[in-house]
2 protein chains.
Amino acid sequence: MDIVISNSSNEPIYEQIVSQVKEQIMSGNLKEGDALPSMRALAQALRISVITTKRAYEELERDGFIESFTGRGSFVKAQNKELLREEYLRQAEELISTACEKAKLGGVDVSELHELLDIIYGGE
Amino acid sequence: MDIVISNSSNEPIYEQIVSQVKEQIMSGNLKEGDALPSMRALAQALRISVITTKRAYEELERDGFIESFTGRGSFVKAQNKELLREEYLRQAEELISTACEKAKLGGVDVSELHELLDIIYGGE
DNA sequence: CAAATGTGTATATCTGATATATACACTATA
DNA sequence: TATAGTGTATATATCAGATATACACATTTG
């Protein structure tokens, strides 16, 4: 479980954890039944509070990605990757929508956005 | 000066004001030397506090878009629209970048993003 | 099987950003 | 010069993010 958090990011720490756990599930790095690091262990590793890791795990549990048991630990639930794909697609769609609004305000043509898209998607 | 704010939005009120003033400058609705509504008048119209309108105007002043004079009012400064265009382009670029990250996580191909872009940009 | 250790959980609290009420200071004008 | 309109400053309220500490349960180990 490689998880990295950034204090400079404006994204809350617990959201960063949630995102990265989802990524690891999507990549196959985490499979059904796999144990997540304990809230304490993760908190210690990231030098943050247990309450914050708990909050992240709570959100993951609420969204059906993991399951937690008092005294035992937290585990990955059976996952439908297609569901995750749809979630990421929806997020991308929303971001592109906002990008289009900004572009229109600036008088930026759609063709310019297509170029940007190719450059950014390709150039990683 | 038509300004509309949404309480349900997660964007702060003062940021909503800032954005919309920039939009009106970009659209030519507000020109150099034009007087903005007084902080009090705008606050009353939007049913918000003067402090909030002041904060919005402060940000606009800090970014060089307007100028405020105690006892006189707030006025639009000379504007370089190209500067605003660049700002919007930069914002769009950043959004597209994040969208690409999400898409990659979901295994969404770049071609699908191009389709989305056309649909969203066109379909307003 | 009881003690110890490791797990998740709950309560009260701190901090920073957003928004506010109220009072103050300056300018124009009637 | 009084008054009404402008921007400004100080102290306060509220909410989300993050926390410390103490609690409850499960597993391991002597």
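A polar contact is a pair of N or O atoms within 3.5 Å; within protein, one atom must be able to donate a hydrogen and the other to accept it, and residues adjacent in sequence count only if both atoms are side-chain atoms. By this definition, eleven residue pairs are in polar contact between chain B and chain A, counting pairs with both residues at pLDDT 80 or more.

This is a predicted model, in which local features need pLDDT of at least 70, side-chain atom pairs count only at pLDDT 80 or more, and totals for chains, interfaces and linings use all residues. Residues are numbered from 1 along each chain as its sequence is written, chains are lettered from A and ligands numbered from 1 in the order in which they are written, and side-chain values use heavy atoms, with hydrogens and water left out.

**The two protein chains**

Two copies of a chain are related by a rotation about an axis and a shift along it.

Chain B and chain A each bring 32 residues to the contact, where contact means heavy atoms within 4.5 Å. Of the interface residues of chain B, 100% are also interface residues in chain A, so the copies meet through the same surface. About 3500 Å² is buried between chain B and chain A, and carbon and sulfur atoms give 71% of this area. Buried area is the accessible area (1.4 Å probe) that two parts lose on being put together, summed over both.

There are two salt bridges between chain B and chain A. A salt bridge is a side-chain nitrogen of Lys or Arg within 4 Å of a carboxyl oxygen of Asp or Glu. In one salt bridge, the side chains of Glu112(B) and Arg85(A) meet at 2.9 Å, N to O. On the side of chain B that touches chain A, α1 (13-26), α4 (81-105) and α5 (110-122) of chain B each supply at least two residues. The largest share, 16 residues, comes from α4(B). By class, this side of chain B has 17 nonpolar, six polar and nine charged residues. Ala, Val, Leu, Ile, Met, Phe, Trp, Tyr, Cys and Pro count as nonpolar, Asp, Glu, Lys and Arg as charged, and the others, Gly among them, as polar.

Over all chains the count is twelve salt bridges. Glu87(A) and Lys22(A) form a salt bridge, with their closest N and O atoms 2.8 Å apart. Glu87(A) lies in helix α4 of chain A and Lys22(A) in helix α1 of chain A, so the pair ties together parts that are 65 residues apart in sequence. Helices (H or I, at least four residues) and strands (E, at least two) are DSSP runs, numbered from the N terminus.

A residue is near a strand if one of its heavy atoms lies within 4 Å of it. DNA strand D has 23 residues around it, and Ile13(A), Ile51(A), Thr52(A), Arg55(A) and Arg40(B) come nearest. Sugar and phosphate make up 65% of the atoms of DNA strand D that come within 4 Å of the protein. With three residues, α3(A) gives the most to the surface near DNA strand D. This surface near DNA strand D has eight nonpolar, nine polar and six charged residues.

DNA strand C is surrounded by 23 residues, of which Arg40(A), Ile13(B), Ile51(B), Thr52(B) and Arg55(B) are the closest. For DNA strand C, sugar and phosphate account for 66% of the atoms within 4 Å of the protein. Here α3(B) gives the most to the surface near DNA strand C, with three residues. The surface near DNA strand C divides into eight nonpolar, nine polar and six charged residues.

| Residue | Protein atom | DNA strand | Distance to a phosphate oxygen |
|---|---|---|---|
| Tyr14(A) | polar side-chain atom | DNA strand D | 3.4 Å |
| Met39(B) | polar backbone atom | DNA strand D | 2.9 Å |
| Ser74(B) | N or O atom in the side chain | DNA strand D | 3.2 Å |
| Ile13(B) | polar backbone atom | DNA strand C | 2.9 Å |
| Thr52(B) | N or O atom in the side chain | DNA strand C | 2.5 Å |
| Arg55(B) | polar side-chain atom | DNA strand C | 2.6 Å |
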